[in-house]
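The sequence and model are shown below.

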Amino acid sequence: MSAGAATQGGSETGKAPGWWERLKAFYGDVRSEMKKVTRPSFKEVRATTGVVLVTVAFFGLFFFVSDAILSRIMNAVLSYFTR
């Protein structure tokens, strides 16, 4: 077998692997990667949930205030030009 065929996943006959071989290889890769996955602890989930809630509240308030200010500015500009 040539070095090029070995690095490209070719079989010993020199043909490219069929869909079944590629599917088995993909499934094997998925299984090996899933064995490396760990679940977060309840304490970690609680902490990250708190960070998300605080961040969402902060940006919600920020956009509310920004929208109110820009709305007043736009109303003032429009009322100035529509007199």
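## Salt bridge

K36 counts as exposed, because its relative accessibility is 59% (buried is under 20% relative accessible area, exposed over 50%, partly exposed in between, with a 1.4 Å probe and protein chains only). E33 is partly exposed at 45% relative accessibility. The two residues form a salt bridge, and the closest N and O atoms are 3.2 Å apart; the term requires a side-chain nitrogen of Lys or Arg within 4 Å of a carboxyl oxygen of Asp or Glu. The structure holds one such bridge.

## Basis of the model

The model is predicted: local features need pLDDT of at least 70, side-chain atom pairs count only at pLDDT 80 or more, and totals for chains, interfaces and linings use all residues. Residues are numbered from 1 along each chain as its sequence is written, and side-chain values use heavy atoms, with hydrogens and water left out.

## Fold and exposure

The chain has three helices and zero strands (DSSP runs numbered from the N terminus: helices are H or I of at least four residues, strands E of at least two). Of the 83 residues in the chain, 1% are buried.

## Nonpolar patch

L61, F64, V65, I69, L70, I73, V77, Y80 and F81 form a nonpolar surface patch with about 970 Å² of accessible area together. Patch residues have over 30% relative accessible area and no salt bridge; like charges are joined within 9 Å, and nonpolar side chains (Val, Leu, Ile, Met, Phe, Trp, Tyr) within 5 Å. V65 lies in helix α3, residues 42-81, and is partly exposed at a relative accessible area of 38%.

Definitions and conventions. Areas by Shrake-Rupley, 256 points an atom, 1.4 Å probe, with all protein chains shown as cover.
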